[in-house]
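Me: I have a model open and want to go through a few spots in it. Can we start with one side chain and its surroundings?

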Amino acid sequence: ETAMANWQSTLIAGASFAILAACGQAKTADTEPAAELEAFAAVDTNRISTASAGDEWLTYGGTYDEQRHSSLIEVNTETVSDLGVAWTYDLATNRGVESTPIVVDGVMYVTSAWSLVYALDAKTGEELWVYDPDVDRAVGVKACCDVVNRGVAVYDGKVFVGVIDGRLEALDAETGEVVWSKITVDQSKPYTITGAPRVVNGKVLIGNGGAELGVRGYLTAYDTTTGDKVWRFYTVPNPEKQPDGEISDAAFEDIGNVTWGDEGAWVTDGGGGTVWDSIVYDDVNDQIIFGVGNGSPWNREFRDPSGGDNLFLSSIVAVDAATGTYKWHFQTTPGDNWDYTATQTIILADLPVGEDGESRRVAMQAPKNGFFYVLDAETGAFLSGDAFVPMNWAEGLDENGRPIEIADARYGAVPYEQLPGPLGAHNWHPMAFNPDLNLAYIPAQEIPQSYARDSRFETQPVGWNTGADFAAGVPPIAPPEVAKFLRSTLKGRLIAWDPIAREARWTVEHDNAWNGGVLSTAGGLVFQGKLNGDFAAYDAATGDKLWSHDLKSGGASGPGTFMIEGEQYVTITTGWGSAFGLSAGFAYDETVPSTVGKVVTFKLGGTGEIADPDFPMIDKTPKGEAFGDEALIAEGAVHYARNCTVCHGPLAVSSGVLPDLRWSAISGHAESFKGVVIDGNLAANGMVSFADHLTPEEVESIRAYVLAQAYAAVPADAGGN
Ligand code: CA
């Protein structure tokens, strides 16, 4: 009720403001020089700072505070039922799409798989230009979680994109031509970039990913005009624990180095700590607050046997925006052992959580580890932290916010079935915050994992290096019932979290675990997609479902909204995305939608249609004879789990993003299979050679396992196609 009253009164005020603004524009047009008016994408820090996420969507999280809360109210609890498709644009990919569109001066800038950038007319979807950074597809094997990209930054007439191969590029916003291009990583190492850059005061900020494979993380600021490096903040020390000559040196000398031992796999694997998603500018304190990822390898016993906290893994870190000088940090998961990244959405807000209920500027995060944190934004002081999902790795937090661990969670040879698992209680899907209701909307999930020490762990040059055994608990041959059981253990929900009362206000249970990013609006709505294509609007105050539309593809990315010529648009990019998108075949089975990358934009009264996906049907029959005894198939299951699962899916069931090996013609022939896995015949497609750590005999055992899984599944799929 209060939300409704709120948007209704704002609607009236907004209408009068729109009239005034229109008059104001006409006046300015006469007095300002033409060149000023024609400047393309003239975005600066002041424009982003003073904008609400309203008529435009100027930065990844909507505003610098990254609340993903729009002031627009034309689409509201009363009118949302009339929301229909305004236009769609085909991104021409079936790989993961995670992009939040940026909208500036009526132009939408959006990214797709392989870091392609598109400029579209935001009102009509008409294509203005497309930029393809022409990435070597062999880079795909370095991407833990598909070759995704979450979006661009726009500033001073330029569009900035982080490219999956480690480049940061500045494009002319009007033409898409490259203004400058910088390589931000050592490309001989398994670095990738999937995150959206952020821009502040002439600097563009970018991190990277790769901590599953083995890299050393950092955040870098580049000059927006020249592309020159301004500062770099490493998140873990170098192996010698000596100065890098970078701004992070002092922090490691003061507090970081002592949290690392002198030996362990971190010395060769880089230690991890990649800054792959959340980078927030706090304009009140003129600082950058960023989230740091998991350790390389995951298992601390291998990474750093000395058992330290390993700063700044799984931490929220604040640095001075101009210089990168360390200001504070809060480590969510000391001595990370589980891929518990703290890279998830960081939201800044003013909350009445001070002494006597006074307002305090806070930073909020719901990282993978399952606790919702509220920190003082200026000092990093821990204000509160509470579990927002069931968990069995910690009993709670102590008065400093340090987890009280359950001993068994530091897994050994015996598998420990744990919640949250490495996909986290919350992953990359953007969280949102409604400052009128003081509610955070968390795309939460329960995806358990059997963690066990990988007794054969040894760093490999290709593929994942976690020190955790992905073969633990996997049955040698899994009939369809196993997939069904696993599916039943997965849960997803949208939680409206009250950070003041420190509890859920309302919860919407989803029928799939991996849901989507969230948009909050002053119209009293919360928008969220799901991987099964259901894009819905909920009442922000109650969680009642008020509207939904079938996207005919996954809806995982963060939706956005904007206003052009008095009409409010709501937009979302479709496609699957991330680790679960690659590996979730078993979780969706026959209900899996085809994965089609599109931009789908809605408006009130929209009557457009989303075209049906046009994909060739897969012939779900084995293409070769089953072979091998139980021992060979069991051996193949182990090699498959360790080398193939993360891309081709657990139990050899693919999500459809990458080939399902059970139905592949290549699996039917020993020579063809070896040609791909050992000889690298499909390296140009991203399937590089595994010759360095699989023998031809081991590869043949994988083929035996894949075919066994194919025949085990045939009864369920027989009579299909
Ligand atoms: Ca990770």
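Reply: Gln287 touches Val280, Tyr281, Asp282, Ala318, Val319, Asp320, Ala321, Lys327, Trp328, Ala377 and Glu378, leaving out residues up to four places away in sequence. Contact here means heavy atoms within 4.5 Å. This is a predicted model, where local features need pLDDT of at least 70 and side-chain atom pairs count only at pLDDT 80 or more, while totals for chains, interfaces and linings use all residues. Residues are numbered from 1 along each chain as its sequence is written, and side-chain values use heavy atoms, with hydrogens and water left out.

Me: Is Gln287 buried or exposed?
Reply: Gln287 is buried, with a relative accessible area of 0%. Buried means under 20%, exposed over 50%, partly exposed in between (1.4 Å probe, protein chains only).

Me: What lies 2.7 Å from a polar atom of its side chain, the Gln287 one?
Reply: The backbone oxygen of Ala377.

Me: Switching to the metal. Which residues coordinate the calcium ion?
Reply: Glu212 (OE), Glu212 (OE), Asn294 (OD1) and Asp339 (OD), at 2.3 to 2.7 Å. Donors are N, O and S atoms within 2.8 Å of the metal (3.2 Å for Na, K and Ca); water is not among the atoms, so sites may look incomplete.

Me: How are the donors spaced along the chain?
Reply: The calcium donors follow E-x81-N-x44-D.

Me: And are Asn294 and Asp339 buried or exposed?
Reply: Both Asn294 and Asp339 are buried.

Terms used:
Polar contact = N/O pair within 3.5 Å; in protein donor to acceptor, adjacent residues only side chain to side chain.
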